[in-house]
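This briefing covers charged pairs and nonpolar packing. Please view the entry below first.

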Amino acid sequence: MSTQLIKHLENKAVEDSNTSILLAQWSFDEKLVSKSLENIAGYFPHFSSHNSSHSKQILINIERLLGKNLKLLSATDTWLILESAYWHDIGMLFDAKEAIAVTESDEFKEFVESLANDKSTDLNEFASNYSEKGWKIALSNYEHPQIGIEQYRQMIAEWFRRHHQANSQKIVRDPFNELGISSPRTELFPNRIYTYLGQICLAHGTSFQRVMTELPFRQTGLGTENCHPRFVACLLRLGDIFDIDDNRFCPVMAKQVYDTPSLSQAHFDKHKSIREFQLDNQTVSITAECNNESAYIETQLWFGWIKEELQDQMSQWKNIVPHRNFGLLPTVEKLTVEMTNTKKLINDKPMKFSIDEKNAIELLQGKNLYDDKTNIFRELIQNAVDATLLRAWIEHGEISETKTIQSHMHPFHETVQKTLSNYPIEVDLAKLSDCEDSQFSIWEFSVLDKGLGISLQDLQYMQQIAGSSRNIEKRRIIKTMPLWMRPSGEFGIGMHSAFLLMEGLPDIDKKIVLETKSKKDNKLYKIELTSPLTKQSGFCFIEELPDDMSKDYGTKLTVKVSLSKHRYHLSNFGFEVHDKFDRLKGSIADYVNAHYYIEKISNSIARQTPVLVKLHRRWSEFHNNDLENDFRIWDEKRNLYIKLETHSDGVALTDLQTDTYGLFRGQKVESMNVYFLPSSIDYYGFNAKEALQIDRNKWQRQFILKLIDEGYFRSLFKYIVDEKTDLIEDKFYDKKVISAYNRMLGFRSEKYKDNDSWRDLKFFNDKNTLFGRKVKDKNSFNKLISLEKVVIQFDKTHSIFNGKDKPKAKELLTTVNENNFFLRAFIQEWYALGGYHKVIEGHNKLKMKFNRSKNDEFDNTLLFYLEGLLHKSKRIFLAPEKLDSIDKLRPFKELICSSDIHKNYFGTDDKETTESLLIPFFSFKNNDLVVITLESLDMIIDAVWIEKKKQDKEVKKEYISKLYQDLAIILDETMQNSNDWKEARERSKEFSSFDSSILSKYDK
């Protein structure tokens, strides 16, 4: 117990009765606050003890630091020390209603988002679910509710821990109303003394600089002596930081935690590692022996804080200590951290790998990131677009007085475009000089915007790669914006990518120059950011320019670019130069390159960007503002534009394509490779990080797969066809084309689900097909399928119109690919109607002979599927509607389900995709010989039975097994006339499929 400080206060009260009230107040508070502190463990069982034992240890540490000089303390200083040791952590307690109310604040939501973005914290997964899906999903995402509740409690505790010093200050001023603590506040005791106490409590968790600037050095105390709030605050900080001994954690409290957070465990191990501890007013000596890396790191950090705090206070000691008689602070004799295991240290530290700015820029230079300067220009222009959209929203959005731009609008809404036209962006690329060696020339690329401009605070975030994402104030504004208007600069690379343009330039030219006027602080700056790859090492030089009222807010970015004078990209201008220019006159390759980049900027970046991006008048030949916005549908739910490609009036089934091109916020990205309508889709509802690769020129494959798995394109198709019917019918001219796409994509729109008019559309196009005399008037699906006999010959040389090849009467000769969707549909239906077909392959030709069978004793559709196992198929899954057309399979409809093995095979949980009948046979090749086996039948039976039990608890496994055994027999009987099938089935007795257990040798 800290008897010396209490005894000193008692003596002071005897010496001067005016200070006796201090002793009386302390007598109350020692008991009241001690009792209150015990409640901290309720929300902080995973923390070290913050009850009265911690307070007492702080006082003991202060007594050790002061030594005999303790007697020099004034009564008020003594009281402030005693009280602050108890009150300083009281802010870790909070009112239950406050805990609920705080979750609705923007600050708390930003805090949760920061946890969700921090992969290193134990709360990352919980915070991600909480932020994205709400608290109910977050709590239910665990195997037991206790675990979810614990995660929530720890998240709330972490919020209040981060604010507890300010909360302590508030509680000290009014403890009863804030927390129900009956500490007396009367007119006998000056309120300003409590103000000092609150400031001291706040100071234990703030920077040393704030202590020196916000706390007074000397104030009038009670009685005849002064008090020294700054001095007391510094003693509290030291007493607190030296409470490092190995008894800080309570084992009973630890039992209340199901899963101790890794950081708490590291702190627990840190305290347990203390082996030697000596503290007095002369020296500090501590030795720790850690048994794991986490404890080692935390102990090193803690010892670092001790050194830093002592150094800070020593450097300002004359401005802290009341008078010289108190002497100096103790010196550090030893702060040693050792490892008890066999782990090796380098320079008494574990190795730490990091990447500095130089290495980061060098990594970005890798070809896989930016293989074309255009992608870097795109990044810099996008920064300007983002800044412009932010300013337009602040000045004209729903948070402004005018509220001109509304969330229900869209990027090319007339009102939005009219507003954005006042904030044009200008892009320029101009030649400065030729380099001495004449290998390349130096050009200047510039982007001038009328955005928000850059303040000094913005610059602090910008100086680090990915730093802008930590700009909380900016993120708060962005959250108020509609999705389609939010900035897309998510990679945090934008400005830094400019350094990649400077390869080959002299060091003096490797810099980014920004001339900016900030709307935030209304100041003009010229900022030079030097490349980390030069001797300037990435330093930033800032010059404040004289105020210019005529200058608008915004930024002009300027960088120097090297363009080759010997190799060039061929653009339209490049071809003209290539054809007409006499190279004897000199090299103009750099001008050709400049035209190439400006043409790319014009066509791929500026043309469909919502903000007006103009080119400098020197590039007047590029009219990049002629936006092609004819027939673009805005989908408000998905935040996208879709532009459908036009089909000619005489389009055929085999002409229909599924090429879909994607744009991201008006900027072209490579093809999406998805099965959809021929169209271009401009996405505004996603952020760049989840949708694009780092160069913004390619889609993230996982992003595309996620859209497909979630049925994104299916629902988009239904929206277009069912809700924009008039527009799409006008676009395609012929409703039969929409019917064909509905059949081809299998998305089943409501208005076209029973529409089979596609069967009357032309099957082949006259431009790529020659027709025999008897089939010339049979060019539709319905007419061809009704023939008794037809031959389709596929020419892979595309030379059918050379006059040499003439189809026979019932033949078609075409250049269409034999794998065309409607040809496959034709083959399937031909079999369903009892027909056969035979494939004959020749040199650059393939012939399919279709004949109508007179033998109806078994179902040819089933035969068609099973023959697939002899050629390409590994597994067959039949959709429910397929079984209705195959008589022999109808008795097995009960086996249709969406079991775990169905989901694993298709790679999705989408029931509409996976629900099917799984045919029990599996085919594989052994030395080019086909093997067809039932070896996985037991696994299939188990999976289907488990799934069926979810619907009917009475279903027996034996029943499912009997159905599958009967199905296998019927399938074998169907193929009884096929020798290939019989041989493949016979081989299954000798050969097995790949045994995945041999892969275990690769496992650890």
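Buried means under 20% relative accessible area, exposed means over 50%, and partly exposed lies in between (1.4 Å probe, protein chains only). This is a predicted model, where local features need pLDDT of at least 70, side-chain atom pairs count only at pLDDT 80 or more, and totals for chains, interfaces and linings use all residues. Residues are numbered from 1 along each chain as its sequence is written, and side-chain values use heavy atoms, with hydrogens and water left out.

**Salt bridges: the count and a network**

- A salt bridge is a side-chain nitrogen of Lys or Arg within 4 Å of a carboxyl oxygen of Asp or Glu.
- The model has 34 salt bridges by this rule.
- A network of salt bridges links R391, E395, K519 and D552.

- E829 and R759 form a salt bridge, at 2.6 Å from N to O.
- This pair links distant parts of the chain, 70 residues apart.
- E829 sits in helix 32 (residues 821-832), while R759 is in the loop between helix 30 (735-745) and strand 18 (769-771).
- Helices (H or I, at least four residues) and strands (E, at least two) are DSSP runs, numbered from the N terminus.
- E829 counts as partly exposed because its relative accessibility is 23%.
- R759 has 15% relative accessibility, so R759 counts as buried.

- K12 and E15 are joined by a salt bridge, with the closest N and O atoms 4.0 Å apart.
- Both residues belong to helix 1 (residues 3-15), and they are 3 residues apart, about one turn of the helix.
- K12 is buried because its relative accessible area is 11%.
- E15 reaches 62% relative accessibility, so E15 counts as exposed.

**Another pair**

- E986 bridges to K989, and their closest N and O atoms are 3.3 Å apart.
- E986 is partly exposed because its relative accessibility is 47%.
- K989 has a relative accessible area of 68%, so K989 is exposed.

**Nonpolar cores**

- A nonpolar core is a set of buried Ala, Val, Leu, Ile, Met, Phe, Trp, Tyr and Cys residues joined through side-chain atoms within 4.5 Å.
- The largest nonpolar core has 93 residues, of which W79, M155 and F242 touch the most other members.
- Leaving out residues up to four places away in sequence, F242 contacts (heavy atoms within 4.5 Å) N61, L65, F277, L279, V284, I286, I306 and L310.
- Another core, of 66 residues, lies apart from the largest one and includes L656, A691, Y752 and V775.
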